[in-house]
Amino acid sequence: LDSTFLARLVGEGVPALDQTAPALTNDVRSSVSGFRKYGSIKADLVLKFLWRSRSVLLSDVDVVWLRDPTPMLSALAQADVFSSTDCLAVKADDNRTAHQKVGALRCAYAPGNAHGHAAFNTGVLAFRNTARAMAVAAAWRARLLSPEASKWLDDQLALNELVWSGMRSG
């Protein structure tokens with residue numbers, strides 16, 4: 001939040017949490033290190049709620065909820081962490097038997113995919129109040145704060161790396 005928007009929310013009695021970082025510029029997306037820092041702030045925010053025994057549903061500002069997601073999240077009780085996807089092809093998502101090197105079936109969760117496509121999107125994330133979810137959030141934050149030569153590492157790639165490296169059940 002910028003300070004003007006935060007003041008307006010507080011002035012109108014809307015609960016708001018100030019997670020700004022002094023080192024970030026107004027144009028965070030254009031700064032590779034700034035955007036990575038912003039990602040670590042998101043991970044830190046998730047951890048702060050988990051440490052307080054709260055589950056977290058985090059969504060980007062450009063996400064629109066058409067209905068309450070609680071029933072869907074409740075139906076998937078075995079999952080500790082949920083993520084949206086960049087693979088938005090309903091028919092391909094339903095067909096998990098075939099594998100192609102292009103198109104929607106190139107997504108990371110498609111059977112046989114070894115191409116490392118970043119399928120999991122950090123635009124919508126949910127973390128249950130569990131030790132496993134806390135471990136994922138802590139590893140995500142640590143990866144974002146670690147030294148990295150690649151300018152491409154951002155919050156989404158860092159989360160996908162955790163999945164690819166085996167931080168998943170099953």
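Does Asp44 count as buried or exposed, and at what relative accessibility? At 19% relative accessibility, Asp44 counts as buried, where buried means under 20% relative accessible area, exposed over 50% and partly exposed in between, with a 1.4 Å probe and protein chains only. The legends below begin with the whole chain and then turn to single sites.

The model is predicted, so local features need pLDDT of at least 70 and side-chain atom pairs count only at pLDDT 80 or more, whereas totals for chains, interfaces and linings use all residues. Residues are numbered from 1 along each chain as its sequence is written, and side-chain values use heavy atoms, with hydrogens and water left out.

**Figure 1. Overview of the helices and strands of the protein.** The protein has six helices and three strands, and along the sequence these follow the pattern α-α-β-α-β-α-β-α-α; helices (H or I, at least four residues) and strands (E, at least two) are DSSP runs, numbered from the N terminus. Of the 170 residues of the protein, 32% count as buried. Among contacts between residues at least 6 apart in sequence, 60% join residues at least 24 apart, a contact meaning heavy atoms within 4.5 Å. The protein exposes about 11000 Å², of which carbon and sulfur atoms supply 57%; accessible areas come from the Shrake-Rupley method with a 1.4 Å probe, and for residues only the protein chains shown count as cover.

**Figure 2. The open sheet of three strands.** The strands have the order S1-S3-S2, with antiparallel pairing, where two strands pair if DSSP finds at least two bridges between them. S1 and S2 are the edge strands, each pairing on one side only, and neighbouring strands of this sheet are turned by 25° against each other on average, direction ignored. Four bridges join S1 to strand S3 (residues 120–127), and these two strands run antiparallel. Val56 stands opposite Phe127 in S3.

**Figure 3. Helices H5 and H6 against the strands.** H5 packs on the sheet, touching S2 and S3, and its direction makes about 140° with that of S3; axes are lines fitted to C-alpha atoms, for helices over the stretch in contact, and angles run from 0 to 180 degrees between N-to-C directions. H6 lies across S2 and S3 and runs at about 70° to S3. The buried residues of H6 are Asp155, Gln156, Ala158, Leu159, Asn160 and Leu162. Just after H6, Gly166 takes a positive phi of about 110°.

Figure 4. Side chains of opposite charge can pair when their charged atoms come close. The structure holds seven salt bridges, a salt bridge being a side-chain nitrogen of Lys or Arg within 4 Å of a carboxyl oxygen of Asp or Glu. In one of them, Asp155 pairs with Lys42, the closest N and O atoms being 2.8 Å apart. This pair links distant parts of the chain, with Asp155 in helix H6 (residues 155–164) and Lys42 in helix H2, 113 residues apart. Asp155 is buried, with a relative accessible area of 4%, and Lys42 is buried as well, with a relative accessible area of 9%.

**Figure 5. The salt bridge between Asp44 and Arg141.** The closest N and O atoms of Asp44 and Arg141 are 2.9 Å apart in this salt bridge. Asp44 lies in helix H2 and Arg141 in helix H5 (residues 131–145), so that the pair links distant parts of the chain, 97 residues apart. Arg141 counts as partly exposed, at 22% relative accessibility.

**Figure 6. The salt bridge between Arg132 and Asp80.** The side chains of Arg132 and Asp80 meet in a salt bridge of 2.8 Å, N to O. Arg132 lies in helix H5 and Asp80 in the loop between helix H3 (70–75) and strand S2 (81–85), so the pair ties together parts that are 52 residues apart in sequence. Arg132 counts as exposed, at 57% relative accessibility, whereas Asp80 is buried, with a relative accessible area of 13%. Elsewhere, salt bridges that share partners join Lys42, Asp60 and Asp155 into one network.

**Figure 7. The loop residue Ser53.** Ser53 has its place in the loop between helix H2 (32–51) and strand S1 (56–59). Its phi is near 60°, a positive value in a residue other than glycine. Ser53 is exposed, with a relative accessible area of 53%.
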